[in-house]
Protein chains: 2
Amino acid sequence: MREKQKPAKGFLFAGINVAIKRNGKNDLGLILSETEASAAAVFTANLFQAAPVLISRSRVRSGKARAILVNSGNANCGTGSDGLKAALKTGAALAKHLRIREWSVLLASTGVIGEPLPFQKIINGIPRLVSCASTQGFEDFETAIMTTDTKKKISCRAVKMAGKEVRILGLAKGAGMIQPQMATMLAFVLTDARVKSHALARLLKESVDTSFNRITVDGDTSTNDTLFALANGASRVSLAPGKPGWMNFSKAIKEVCLELAGMIAADGEGASRWFYVQARGAKTRADAEKIARRIANSPLVKTAISAADPNWGRIIAAAGISGAKFNVQKTSLYLISADGRRRLEILKRGARSLKYRGRARENTAARLLSESGFRILFDAGQGQGDFEMLTCDFTQEYVKLNAEYRS
Amino acid sequence: MREKQKPAKGFLFAGINVAIKRNGKNDLGLILSETEASAAAVFTANLFQAAPVLISRSRVRSGKARAILVNSGNANCGTGSDGLKAALKTGAALAKHLRIREWSVLLASTGVIGEPLPFQKIINGIPRLVSCASTQGFEDFETAIMTTDTKKKISCRAVKMAGKEVRILGLAKGAGMIQPQMATMLAFVLTDARVKSHALARLLKESVDTSFNRITVDGDTSTNDTLFALANGASRVSLAPGKPGWMNFSKAIKEVCLELAGMIAADGEGASRWFYVQARGAKTRADAEKIARRIANSPLVKTAISAADPNWGRIIAAAGISGAKFNVQKTSLYLISADGRRRLEILKRGARSLKYRGRARENTAARLLSESGFRILFDAGQGQGDFEMLTCDFTQEYVKLNAEYRS
């Protein structure tokens with residue numbers, strides 16, 4: 001049911017350059033719903049929150065929105081009351097130009113922290129931005145939200161029900177600074193279904209738990225992470241939990257979130273490959289999560305993976321210091337190939353498996369690690385707790401990119 | 001009172017190559033006390049513990065030891081009961097050769113996890129190792145415990161009291177995989193004072209809290225981390241808590257631990273500079289520790305520092321996601337130069353300080369970050385909780401070293 005590049009109905013998109021970025025690339029984006037849409041959002045868990053996050057958090061409580069104004073190149077964070085005023089001015093200018101209510105404009109920013117937002121550039125750009133808006137403009141919008149991203153992150157679904165069709169379009173950016181509570185820097189899930197805002201909010205929360213909250217690039221969480229969902233009803237299909245079509249619709253929303261999260265993990269800054277880390281057999285799900293996160297975030301594990309080195313001692317060392325309690329004598333460790341057909345038992349009952357000996361086995365493991373999509377499976381062997389993460393390796397390119405980010 | 005390279009009395013040292021390492025460098029080390037010494041230890045908090053850790057943990061409970069046998073090139077971890085047997089054999093061979101009791105031999109290993117310990121090579125090397133042992137052999141010992149270390153880590157003190165002198169010698173190795181609960185891979189604190197083992201154990205614990213537990217290189221903690229302390233009484237000076245000389249002695253022990261910890265942080269794998277991270281003004285000391293650790297372990301902060309980039313947004317983002325609760329409106333951030341003479345106020349009441357504007361200030365900050373020993377000071381502004389960490393930057397060289405560690 002996947003349909004590439006077919007946006008949800010009733011949304012207009014635009015992306016232009018207003019010289020926030022000095023390299024001429026797009027840096028101002030707009031999503032406009034032709035009618036008032038149900039709105040929901042999930043924001044960063046960081047105590048430091050950017051001005052647009054503070055404003056949008058308050059506005060989205062209304063459950064309604066018409067437009068989302070996004071800039072890249074400046075995070076508008078750590079900017080105090082001046083930053084709030086600047087963000088409010090940009091939203092007010094858009095609302096005035098569109099003749100919509102100010103509170104129906106949601107805001108998001110991404111870029112360097114602590115620099116004053118060049119709000120006048122944004123305000124001056126608004127007439128041009130609005131005049132560019134079109135139903136097919138979502139790729140322009142996507143380029144306007146990208147920073148260190150090397151690839152566009154777009155996911156579409158069409159769900160057919162009773163002769164009608166509901167469409168979902170997901171757009172995201174993010175390649176680093178991605179983890180624990182809420183993952184992607186910015187993501188937008190748009191649908192032309194008619195959904196009440198509280199149902200949309202609940203569905204969004206569930207979708208985040210099984211997607212964005214499971215990816216990690218470098219263990220840091222941004223001050224600006226935002227996920228917005230808008231449902232504008234342009235398909236004239238009404239959906240609600242427990243009613244016909246809801247299951248398929250919610251499944252498609254979750255798929256879009258998972259696909260966007262996967263694209264972010266795969267585009268980890270300087271990453272050469274992405275992979276799964278699964279912890280199972282822990283006493284509780286929380287323990288499994290601790291183990292999986294610790295392995296997925298360990299710089300030593302991630303650098304070994306970048307060299308396709310099956311240095312499994314680093315994996316068990318990470319598990320052992322995760323804070324989860326388990327009996328080492330019951331633990332096992334497996335490496336599973338991307339296609340699921342090879343499964344190497346490395347550790348058994350806390351010691352190297354008899355099946356894992358010699359240079360040939362090491363070479364098999366190295367080959368398995370050299371391709372994206374493999375799985376590190378740590379089994380604590382004492383319960384039902386299970387948790388899976390999606391992550392990527394650490395390369396010299398990661399350090400280079402992040403050292404030179406502002407220069 | 002610092003005296004370089006003057007060991008504590010009554011200890012012999014040796015370091016030789018027995019071909020565990022293929023590059024011909026020393027890989028087997030011995031510390032031998034001429035008489036039975038009081039012994040204390042602190043071990044890794046990792047649930048996965050190497051065979052020598054399990055054995056030494058049990059033996060050191062006696063409070064006595066005569067010898068410490070250490071190998072590099074193989075961690076003897078994840079090796080199950082075979083690993084335990086192998087470690088026991090090496091200790092038994094040394095005990096037999098020296099005609100000392102088996103349980104008075106402490107063991108430590110460092111190197112790759114999961115490979116069988118080549119115990120026969122060690123056993124065959126013991127006669128030569130013992131014949132090399134001398135009071136001046138501590139540099140050979142030091143080279144025998146080094147892995148990715150680029151520098152020897154040796155710290156000496158002499159404490160004069162009532163016409164007599166007590167000496168302390170500290171030896172350590174460690175450059176990566178160093179953090180939270182217990183820091184250095186391996187460290188040895190030797191003194192010729194006469195100290196009861198329970199007093200030695202308490203002093204060692206205190207010294208670790210203010211030294212090794214405050215350094216971090218990459219947030220990982222090894223399966224083999226071990227700190228041993230031996231006090232053999234060869235100086236004929238008896239010391240005890242509350243008695244004359246104890247204050248000076250305990251201060252000197254702490255200084256040695258701090259100096260060794262500093263050497264480890266400064267020798268962080270591929271690090272180009274080391275620095276302090278201090279969190280203060282938190283509600284509790286535990287909160288301050290969370291903030292300081294999170295900043296000190298953030299790959300984004302560490303890569304920015306490697307480029308001397310005052311990208312302070314990453315610092316506050318790390319503080320904000322540390323798990324400590326604070327009111328953002330009360331926070332401040334300072335950068336303080338290594339000599340303590342420059343103090344840049346960057347963040348005030350949660351927003352960029354009015355004093356920190358423009359390219360000139362940024363250049364001042366960049367100069368400040370380009371030299372080891374500067375301090376990042378985050379003030380949560382709401383309590384007395386204070387914690388300081390010592391850490392180093394993240395460079396491309398770090399990734400290179402850790403990707404290629406086993407190849």
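Visitor: How many helices and strands are there in chain A?

Guide: In this predicted model, chain A holds 11 helices and 15 strands.

Visitor: What makes chain A as compact as a globular protein of that length?

Guide: The globule rule gives 22 Å for 407 residues, and the radius of gyration of chain A is 22 Å, close to that value, so chain A is as compact as a globular protein of that length. Along its principal axes, the C-alpha trace of chain A spans about 70 × 55 × 35 Å.

Visitor: Which domains does the domain assignment give for chain A, and how far apart do their C-alpha centres lie?

Guide: The assignment gives domain 1 (11-266) and domain 2 (274-403). The C-alpha centres of domain 1 and domain 2 of chain A lie 34 Å apart.

Visitor: Why are helix 8 of chain B and helix 9 of chain B called roughly antiparallel?

Guide: The axes of helix 8 (residues 299-306) and helix 9 (residues 312-320) of chain B cross at roughly 160° and come within 9 Å. Angles over 145 degrees count as roughly antiparallel, and the two helices of chain B are therefore roughly antiparallel to each other. Their crossing is left-handed.

Visitor: Which residues make the contact between helix 8 and helix 9 of chain B?

Guide: Helix 8 of chain B contributes B:L300, B:V301 and B:A304, while helix 9 of chain B contributes B:R314, B:I315 and B:A318.

How values were computed:
Residues numbered from 1 in each chain as written. Chains lettered and ligands numbered in written order. Predicted model: local features only at pLDDT ≥ 70, side-chain atom pairs only at ≥ 80, totals over all residues. Domains from an automatic or database assignment. Axes fitted to C-alpha atoms, helices over the stretch in contact; angles between N-to-C directions. Helix = DSSP H or I, 4+ residues; strand = E, 2+ residues; numbered from the N terminus. Parallel < 35°, antiparallel > 145°, perpendicular 65-115°, else oblique. Left-handed = near helix turned anticlockwise from the far one by under 90°. Contact = placed C-beta atoms within 7 Å. Rg over C-alpha atoms; globule rule 2.2 N^0.38 Å.
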